[in-house]
Amino acid sequence: SAGDFNEKTIESYKLASIVTLDEDCVNDAGFDIEKYLTQKLGKLFGKAEDNAFINGTGADEPIGILHNSDGAKTALTVETLTYDDVISLYFSVDKEYRRNGIWLMNDKTALALRKIKDADGNYIWNHNNDTILGKPVQISEFMPDAEAGKKAIAFGDFSYYWFISRSPVSLRTLTEKFAIHDQVGYLALEFLDGKLIRPEAVKVLQIGA
């Protein structure tokens, strides 16, 4: 039906990184520069993308999952993390999106949830397969801690957060700029965007201020 379609504007944000290497390394036949750059830039771009897709403000960067108005909706605000709160967050997401649901949090929050038990003394976290209520947990260093005013846990179907690659990563060699230091620079660029196409597909738990 027509209600199933919403128009979204796609932007083109630039992500860039510069790596400098000594000319001796670049000219060393035993140094695999292509392998080094692939590994180095892959890690840099991966972290930058993760941060933008979670915390992006929409100003010169994508709109992240935790964006206040265009990201995931806040299902509940709590003082501390409890068993009942986690259950409430789970059921705040429609069953259509729970089917492929994933939990997203950082290490500190995961540690706190690993210790939570129900009234019968059973852990809410399944330590055998790292799931909560049968759904896998993903850890990201870019998710906030469970502190006042922060959105500590997200749950839902993240396939509705669309990563749009406007232009794949390209690499340029910068020789003159770094020549005075006997170095060669490499500039990597990509153009991308990201949006939560269905805000109802993911919900978050926020710690009260």
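A contact is taken here to mean heavy atoms within 4.5 Å of each other. On that basis, in this predicted model, 74% of the contacts between residues at least 6 apart in sequence join residues at least 24 apart. The secondary structure of the protein consists of 5 helices and 10 strands.

The overall dimensions were examined next. The radius of gyration of the protein is 21 Å, whereas a compact globule of 209 residues would have a value near 17 Å, and the C-alpha trace spans about 65 × 45 × 30 Å along its principal axes. Of the 209 residues, 40% count as buried, and the accessible surface comes to about 12100 Å², with 47% of this area belonging to carbon and sulfur atoms.

In helix α3, which comprises residues 83-92, the buried residues are Asp85, Val86, Leu89 and Tyr90. These residues lie on the same side of α3, because the arc that they cover around the axis is only 140°. The face of α3 turned away from this buried side carries the exposed residues Asp84 and Phe91, so that the term exposed here denotes a relative accessible area over 50%, as against under 20% for buried residues.

In helix α5, which comprises residues 107-114, Thr109, Ala110 and Leu113 are buried. Seen down the axis of α5, the buried residues fall within an arc of 100°, and they therefore line one face of the helix. On the face of α5 turned away from the buried side, the exposed residues are Asp107 and Lys108. The cover over the buried residues of α5 includes helix α3 together with the strands β3 (102-105), β4 (125-126), β5 (131-132), β6 (135-139) and β7 (151-156).

Strand β6, one of the elements included in that cover, contains Ile139. With a relative accessibility of 40%, Ile139 counts as partly exposed, because this class lies between the limits of under 20% for buried and over 50% for exposed residues. When residues up to four places away in sequence are not counted, Ile139 touches Met105, Asn106, Asp107 and Ala110; of these, Ala110 is buried in α5, whereas Asp107 is exposed on the face of α5 turned away from its buried side. Ile139 and Ile87, which are 52 residues apart in sequence, are separated by 19 Å in space, C-alpha to C-alpha.

Technical notes
Residues are numbered from 1 along each chain as its sequence is written. This is a predicted model: local features need pLDDT of at least 70, side-chain atom pairs count only at pLDDT 80 or more; totals for chains, interfaces and linings use all residues. Side-chain values use heavy atoms; hydrogens and water are left out. Helices (H or I, at least four residues) and strands (E, at least two) are DSSP runs, numbered from the N terminus. The radius of gyration is taken over C-alpha atoms; the globule rule is 2.2 Å times the number of residues to the power 0.38. Buried means under 20% relative accessible area, exposed over 50%, partly exposed in between (1.4 Å probe, protein chains only). Accessible areas come from the Shrake-Rupley method with a 1.4 Å probe; for residues, only the protein chains shown count as cover. The arc is that of the directions from the helix axis to the C-beta atoms.
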